[in-house]
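Here are a few notes to read alongside the structure. Have a look at it first, then work through the points.

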Amino acid sequence: MGKIIGIDLGTTNSAMAVMEGAEPKVIANAEGNRTTPSIVAESKGGERLVGQIAKRQAVINYENTIFSAKRLIGRSFDDPEVKKDIELMPYKIVKSGAGVKIKMGEKDYSPAEISAMVLGKLKADAEAYLGEPVTEAVITVPAYFNDAQRQATKDAGKIAGFDVKRIINEPTAAALAYGLDKKKEEKVAVYDLGGGTFDVSILELGDGVFEVKSTNGDTHLGGDDFDQKIIDYLAEEFKKEQGIDLKSDTAALQRLKEAAENAKIELSSKSESEINIPFVTADASGPKHLSIKMNRAKLEDIVGELIKKTLKPCEAALKDAGIKKSDINEIILVGGMTRMPAVQAAVKEFFGKEPLKGVNPDEVVAIGAAIQGGVLGGEVKDVLLLDVTPLSLGIETLGGVFTKLIEKNTTIPTNASQVFSTAGDNQTSVEISVLQGEREFAADNKSLGRFILDGIPPAPRGIPQVEVKFDIDANGIVHVTATDKATGKEQKITITASSGLTDEEIEKMQKDAEAHADEDKKRKELVDLKNMSDALVYTAEKTLKDAGDKANADDKKAVEDKVEELKKLKDGEDKEAMQKAYDELSEAIQKVGAAMYSQPEGEATAQGDAAEEAKSDEPVEGEVVDEKKEEEDKK
Amino acid sequence: MPKKVKIDKEVKLQAEFDELKDLLQRTQADFVNYRRRNEEDKSNFVKYATSDIIEQVLPVMDNFALAAKHVPAEIESNSWVIGVKAIEKQLEQVLLANGLTRVESEGQMFDPNKHEAIAEVADKSQADGSVTSEEASGYLLNGKLIRPAKVIVNKLK
């Protein structure tokens, strides 16, 4: 069984999505766009065009370019909406049995057949995207669609080659996308302002099922009308300034349209926009340019009427549902036009509550349909809902530092491991202190437990390898194991979820980490430098010892001096001085090392071998034995 | 009696096992697919990462073309005008170097795969269905259409 995709078959544009794991994902079409125009055409040569490509030739082939078939699907010829469309549409609509047919090319097609062509393209594109056949779908319809319209939509799906698992209401799909079905009882208002239509629905959730209490709207009010108002305004202003009517110039009108749409979008995030159309037209006196500044207030002024028009249906819908404005728990925004701040503000003011808008309003219905598809397909089960660890987990290492092994917000179950070593020579045990938190230093984080692994064979510092492994199961239980790679000896600790922090504590911890981020960072840099200095001093002294007579006296003295200096500074707080001393010692000891290599061969062999041997079983200064190697406190 | 209970339990466990196994396989499959798609997306991103900026620059190219179209005849040879045209050339070259190519339109047969019709004319002297003029150029980025050419098409009755 393949995936069941969710399809929002819109009047102007369609979209589709599918569940991937437990997340819904919008599927892009073959052109790479996340929405597809619901337009079908037949070219003069008899070629069928669907989607964006059909839109591109609409102007020169309007009789055979079919759009808004959704307005006709499942309706009878006598339906007032059909009568209106017969007047408005440039293509021919005829009576056919109980319903209607649309003329395209030489043939007549039912609206379901036209919609099937759009669905067919979506199907093909989805299969290309997913790399597998797609035969099942959930398709959405307006809540006010009657049986005939729903059946016709299902037929469209069938013609396109889909097994339509369910037809669901668009507002319900939107509610699913916001996860509202997880709540107990909810009264939801869905405000859907799309490209060509406005729909408002009142839903009531009870026992996991959404009931449509009422619907209302305006079938000829949408984003296109908003664009038109802006176009009209710009053309008027230009006429005032230059005395030329741009609307009668096709090319100019085209640019006006684009500019109007861009301005509308820009003013959703900026408070002012400058509309520039150089060389918009020309007359006897030369070329003319349009340059008009528009601010948000002006835009809201221009389209204010239209926004007001949406509120009446909202009133009516509430009345029909018998629900008061104040009883509405959530308002969902659907449709690209709802991105306009003025629209959002109007909705907020009307309902007295902030509407939900986190999900892309152009995609929210398709996403909800995909979720429904996932539920029907058995993919979205509780078992699949995974947790994350809210805070980082790790252990304490040299210098009181907190070393993370598992980053916060990692999905569980998960595991991670890292190899650590000892801080001192002949250290035979290590203490593993398990901590939870975001601070740089162990003392500032929460201790979850500690244990000791002993029996480590005596060796110089940094030689033993102790692997520390963190394992978190699906229930959030943490298992920490420390294993000595040499002996295979291991010790472990199990920490149950409840022994960590509460939700409030977690939040506080995260806030604290942010507040102290800079301070922690500085302290950590200092501690890191101290640890490195310790290591360098140790290595330098060892190298000198091993070099013996091979190091020349001057170099040796230089190293000894630098070692003394660093020794004095490394327990202090002066980072700069310490860094300087560190660098100087580093240079000095390298000189000794280099000198040792440049000794004439014969002389050097006997001692050289000894030096090489001694050198080979310790980490060479500057070389990293294990990328993630760190050292631990001896307790 | 105990035997029946045991069998029921076994059946139940087997069912649960099968369900979990199926779920595991699906999740693994999803993951593999996701990873494959992620790789594809990444390589596509690298290819088309610049397309957003380039798309925003196209209207500027359009306006330069318009400006060139409207140079008053009497100042065509003015050195300042020539200088500005050189700037346009420079912009064009930058875009070319980034994989942009222009769509051919004038004189071609209208093709909705790369042209967008904004108006029609009826010119008997030209072929039916041909592009008579271009209002704005169309562009391909690394072979993929990022904007169709806006054209006027000849339509004979």
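1. Which pattern does chain B follow when read along the sequence? The answer is α-α-α-β-β-β-β-β-β, with three helices and six strands in chain B. Keep in mind that this is a predicted model.

2. Now for the overall form of chain B. Its radius of gyration is 30 Å, while a compact globule of 157 residues would come in near 15 Å. The C-alpha atoms of chain B fill a box of roughly 110 × 45 × 15 Å along the principal axes.

3. If you take the contacts in chain B between residues at least 6 apart in sequence, 65% of them join residues at least 24 apart.

4. Next, where the two chains meet. Chain A brings 19 residues to the contact and chain B brings 24 residues. On the side of chain A that touches chain B, at least two residues come from each of helix H7 (250-269), strand E16 (272-283) and strand E17 (286-295) of chain A. By type, that side of chain A has ten nonpolar, five polar and four charged residues.

5. Finally, a sheet in chain A. Four strands make an open, antiparallel sheet in the order E21-E20-E24-E25 (chain A). Strand E21 (401-406) and strand E25 (446-453) of chain A sit at the edges, each pairing on one side only. From one strand to the next, the twist averages 30°.

6. A closer look at one pairing: strand E24 (residues 430-436) of chain A runs antiparallel to E25(A), and seven bridges join them. Leu435(A) has Ser447(A) as its bridge partner in E25(A).

Methods
Residues are numbered from 1 along each chain as its sequence is written. Chains are lettered from A and ligands numbered from 1 in the order in which they are written. This is a predicted model: local features need pLDDT of at least 70, side-chain atom pairs count only at pLDDT 80 or more; totals for chains, interfaces and linings use all residues. Two residues are in contact if their C-beta atoms, placed from the backbone, lie within 7 Å. Ala, Val, Leu, Ile, Met, Phe, Trp, Tyr, Cys and Pro count as nonpolar, Asp, Glu, Lys and Arg as charged, and the others, Gly among them, as polar. The radius of gyration is taken over C-alpha atoms; the globule rule is 2.2 Å times the number of residues to the power 0.38. Two strands pair if DSSP finds at least two bridges between them. Axes are lines fitted to C-alpha atoms, for helices over the stretch in contact, and angles run from 0 to 180 degrees between N-to-C directions.
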